[in-house]
Amino acid sequence: MSSRWIDRLRHALGFRLALWYAVIFVVSSLAVTGLTYFLLASSLQQRDREIIENSLTEYVRSYREGGLAALSRTIANDQAAGRREGLFVRVLGQHEQLTFLSMPGPPSEFDLGRLQTPGWGIAPSRRQNIVLEVASVQLADGTLIQVGKSTESREVLLQRFRDVAGLVTLTVVLIALVGGTVLTRSALRPVDHLIEAVRGVTRTGRMDARVPVRQTGDAVDELSGLFNLMLARIEALVEGMRGALDNVAHDLRTPMARLRGIAETALGETRTPDDYREALADCLEESDRIVTMLEVLMDISEAETGTMRLERRPTEIAAVVRDAVELYRDVAEDRQLTIHEDLPPALSVVGDPARLRQVLTNLLDNAIKYTPPGGRIEVTARQDGPDVVVSVADSGTGVPPGDLPRIWERLYRGDASRSERGLGLGLSLVRAVVHAHGGKVAVESTPGEGSVFTIHLPSGN
């Protein structure tokens, strides 16, 4: 049980962040402490060497001026005045004969046999980490004057520094661990809220959960805002799917019921071959309606997801509009409607002619369907900056203000459109195909006066 808890703690993000924070903080503190120790040791060594060099210079001058007597007086005066205490002073005459020795401790403490040459030398001590640093000068008569200083006082000071640094380091480690834990928990609190929201969504299936946003402007706050935006869009999509499924069920129920009714009627009593042929034709018509609905839904999905294959090429918009108008010319005349065109030449776009024709036929079908007899439909095209704008205006019943924002939704049919036979997918397909071409759609409508549907397509010029 304990090993499992330790393993979970080791893999916890908060623990790893707190540990990294503590490690970085401790390593930084150790680096600063080490640098300070190095600078302090170097400074103390430099100070000791300056004392040795200054003392050696003065003692050499005294020896030159008055010999050993003057040197002895100078050393005695320094010791009496409290200057240069603890210095090692030795004078060797010719043939390395000892003529003078002044030493703060017993002579046997240091190995002085290695100090026979001019320059800097070191005499090791019997005590660990203690040495005697000595500077030597040989005079013209062969006399060797040596001045040195033990590193004992320096080591004592450095040892105190190491003890204090160790205590400070231990304190820093504790502060780093506690501070890292507190800061990590504070920084990860939005992530915990995010996890709780995700768990709530997966547990309940509800998309109305939201993550608190602290308005700090940091990356975690931005992530929380994006997550809330994602949840809102998913919630809207789910609601849209529910509404779409309801509409699909409603629209499929009628043709399926007709299919069943026609089949039951045909099988219920003896009929002539012509009656059976008519029943089969009705069944085919209803099945075609279902297949058309499914195909249009697939086209919309492909266009919205960017997987629709578009054979893009320069296309004259006037030719596309005229082809669509010719397809509905007879239908319009049967409903006593007139279609007028205002199509300037040389207007072209880069797009798929077949899909653009599908867009125009859906707009014309929609206009004819909701325009009463004697009405008028106008199809115009014009250049507007980098876009070609095509408008389909009718003098029909118009769209109620409450339905206007939703007419582009899949399978949405307002109350007024329920009386007309249709799939409720035409305008959704129009918007999806136009967006796939990099364009946009718009509509303006006044109930009882008519509607104007406008599409903007990137120009091919």
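A salt bridge is here a side-chain nitrogen of Lys or Arg within 4 Å of a carboxyl oxygen of Asp or Glu. In this predicted model, a search of the whole structure finds 13 salt bridges. Three of them are set out below.

| Salt bridge | Closest N to O |
|---|---|
| D48 and R154 | 3.1 Å |
| D384 and R382 | 3.8 Å |

The pair of D48 and R154 links distant parts of the chain, since D48 belongs to helix α2 and R154 to helix α3 (residues 152-204), 106 residues apart. D48 counts as buried because its relative accessibility is 1%, and R154, with a relative accessible area of 9%, is buried as well. By contrast, R260 and E264 both lie in helix α4 (residues 219-268), 4 residues apart, which is about one turn of the helix. R260 is exposed, at a relative accessible area of 57%, whereas E264 is partly exposed, at 45%. In the pair of D384 and R382, D384 is partly exposed with a relative accessible area of 37%, and R382 is partly exposed with 44%. Salt bridges that share partners also join R47, D48, E133, K149 and R154 into one network.

Which residues touch the most other members of the largest nonpolar core? Of the 48 residues in this core, they are I317 and I455. Among the elements that each supply at least two residues of the core are α5 (273-305), α7 (353-369), β9 (376-384) and β12 (450-458), while α6 gives the most, with 8 residues. Leaving out residues up to four places away in sequence, I317 touches L347, S348, V349, A381, V388, V390 and L457. A second, separate core of 15 residues includes Y63, L87, I145 and V147.

Helix α8 has L427, S428, L429, V430, A432, V433 and V434 as its buried residues, and just after α8, G438 takes a positive phi of about 85°.

Helix α2 (residues 13-80) also holds S62, which counts as buried because its relative accessibility is 10%. The side chain of S62 makes a polar contact of 3.0 Å with the side chain of T74, and, apart from neighbours within four places in sequence, S62 is in contact with G67, A70, L71 and T74. On the surface, L19, W20, V23, I24 and V27 form a nonpolar patch with about 500 Å² of accessible area together, and V27 lies in helix α2.

Technical notes. Residues are numbered from 1 along each chain as its sequence is written. This is a predicted model: local features need pLDDT of at least 70, side-chain atom pairs count only at pLDDT 80 or more; totals for chains, interfaces and linings use all residues. Side-chain values use heavy atoms; hydrogens and water are left out. A nonpolar core is a set of buried Ala, Val, Leu, Ile, Met, Phe, Trp, Tyr and Cys residues joined through side-chain atoms within 4.5 Å. Buried means under 20% relative accessible area, exposed over 50%, partly exposed in between (1.4 Å probe, protein chains only). Contact means heavy atoms within 4.5 Å. A polar contact is a pair of N or O atoms within 3.5 Å; within protein, one must be able to donate a hydrogen and the other to accept it, and residues adjacent in sequence count only if both atoms are side-chain atoms. Patches are made of residues with over 30% relative accessible area and no salt bridge: like charges are joined within 9 Å, nonpolar side chains (Val, Leu, Ile, Met, Phe, Trp, Tyr) within 5 Å. Accessible areas come from the Shrake-Rupley method with a 1.4 Å probe; for residues, only the protein chains shown count as cover.
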